[in-house]
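Hi,

Here is the structure I promised to pass on. Have a look first, and my notes on the packing and the chain contacts follow below.

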Amino acid sequence: MGNVLELRNIRKSFNTELVLSDLSLVVQEHTATVLIGASGSGKSTLLRCINLLESIDDGQILLDGQEISDPKINVDEIRRKLGMVFQSFNLFPHKTVLENITLAPVKVQGTSLEEARSIGIALLTRFGLLDKSDQYPDRLSGGQQQRVAIIRSLAVNPRLLLLDEVTSALDPVLVNEVLSIVRDLKQDGMTMVLATHEMGFATQVADQVCFLEGGNILERGSAIEVLENPKNPATVEFLKRVHQAGRL
Amino acid sequence: MTERINSAWSPSPRELERRGQRRALNRRQVIIAAASTSLVLGTLILILVNSPGWSVVKATFFDVKYGQEVFPTVIRGMWVNIQLSFIGGICIAVIALGLALLRTTKSPTLTPFRFLATAYVDIFRGAPLLLIILLVGFGVPALRLQGVTSNVMFLGTVAVVLTYSAYVAEVIRSGILSIHPSQRAAARSLGLTSGQTMRYVVLPQAIRRVIPPLLNDFVSLLKDTGLVSILGVTDAVRAAQINASRTFNYTPYVVAAILFLLVTIPMTRYTDRVIRRRTDRQSAEGVI
């Protein structure tokens, strides 16, 4: 098992606000890394930096040993290897479900439309959304939209999947249908980095849990180590608050 | 959506009662609407017909026989307006789209063109159309350039296209800017280049959003094509004017106005319908 992703001393600020400072992280192949932490702790920013949607101020990002934080790198080529799913789904409203899924394979990877469609149909069938293939996103429930968004990012066969609080915009009933897809992907051996507030889910899928606060990882380890026997007082405090909110 | 309607269902007595009440309510509303409409319109017509100058106005503005007589000349002029609008409209769409894309690009190679596009929009949006028509219509032939036509209809169209491209470019640009950055982020994260993102994700949504204001511009364009008459082109307004000044009967103006409305009103209704149909198909909001 190799390292798919390696972050070395990442620093990122927006104007005067320091969002990530001296953050390092290693993600091995076929593992799921779960980022937890309060809103504003830098989880989303970290994911956006990995996907090169934000540029970092210092440090290095390595994907399969290649430094992708190099300014000379072709960002489009790197992003092809990285799937990203957003909190707010971000499906393309003017395209049907199937068109949303086939756009990148056809335009980016040069797959024929026929092949892309059959890949899309297969994925939709697998996740129980085949009857929605010709619908427009606005007609779907939030859970269905997010599942389509996950399928869309899978259609390009990413090396690493980044999931940014994919259930935060959903009601508790819909959360489960989305999380079950993520569980399936974990079974398939997909390498993932995910930010989430669902602690129970984190316990189930995480090979590694990182607690972020103030732009750095204060505590990391297995789900049992971090979520059940936290050592850092800040982690204890955070988990207590999550528990009080009834999300554990 | 996918649920099948149960065929065994028949409305309950309460539902039937409700439907009866709704029907009664509807009937009442129709009666009220009809009564209020005829009252308001009737009053307006009475005021018009009973005004002291009505007989004179009727004879000089609504002379049906004279209207029929001038109709062929006015409609020939109208054909000029329509041609100018459609040919100009196509040129405007192409140029405006280019300008809007140039103004929103971040590509370093295109930087000088971005500045030029901004300057172009500033100038042609700010200067009165009439001035541009005069400058192009009289200025270009005065240069006596080889191979450049002095056809006033052509030059007039060029002037209109120059000005309207600037307006339309700004409308399209505002549409592009109105698309949420998360759409761009989603497209880029899939590996689409910035050009592909614009072409397949941003622009289709932006254009849809600006169709109503663009239609507005198209109606203005149709009317503003009349301004090329100052170069000597006989459009509908000019044709009406010639006839009116010959006889001091102003019916040709009314004929021209009706012709303009006959083009613009169906066009507006048609576009509204197209937009509504698309919204119905793509959104779950329903008709509000």
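I call two residues in contact if their C-beta atoms, placed from the backbone, lie within 7 Å. By that rule, 21 residues of chain A are in contact with 21 residues of chain B. On the chain A side, α2 (75-81) and α3 (97-107) each supply at least two of the touching residues; helices here are DSSP runs of H or I with at least four residues, numbered from the N terminus. That side of chain A divides into 10 nonpolar, four polar and seven charged residues, where nonpolar is Ala, Val, Leu, Ile, Met, Phe, Trp, Tyr, Cys and Pro, charged is Asp, Glu, Lys and Arg, and polar is the others, Gly among them.

Some housekeeping: this is a predicted model, with local features needing pLDDT of at least 70, side-chain atom pairs counting only at pLDDT 80 or more, and totals for chains, interfaces and linings using all residues. Residues are numbered from 1 along each chain as its sequence is written, while chains are lettered from A and ligands numbered from 1 in the order in which they are written.

Now the cores, meaning sets of buried Ala, Val, Leu, Ile, Met, Phe, Trp, Tyr and Cys residues joined through C-beta atoms within 7 Å; buried takes 20 or more other C-beta atoms within 10 Å of a residue's own, exposed 12 or fewer, partly exposed in between. The largest nonpolar core has 115 residues, and A:Leu35, A:Leu162, A:Val193, A:Ala202 and A:Val209 touch the most other members. Its largest share, 11 residues, comes from helix α6 (residues 152-178) of chain B.

B:Leu177 lies in that helix, α6 of chain B, and counts as partly exposed because it has 13 C-beta neighbours inside 10 Å.

Cheers
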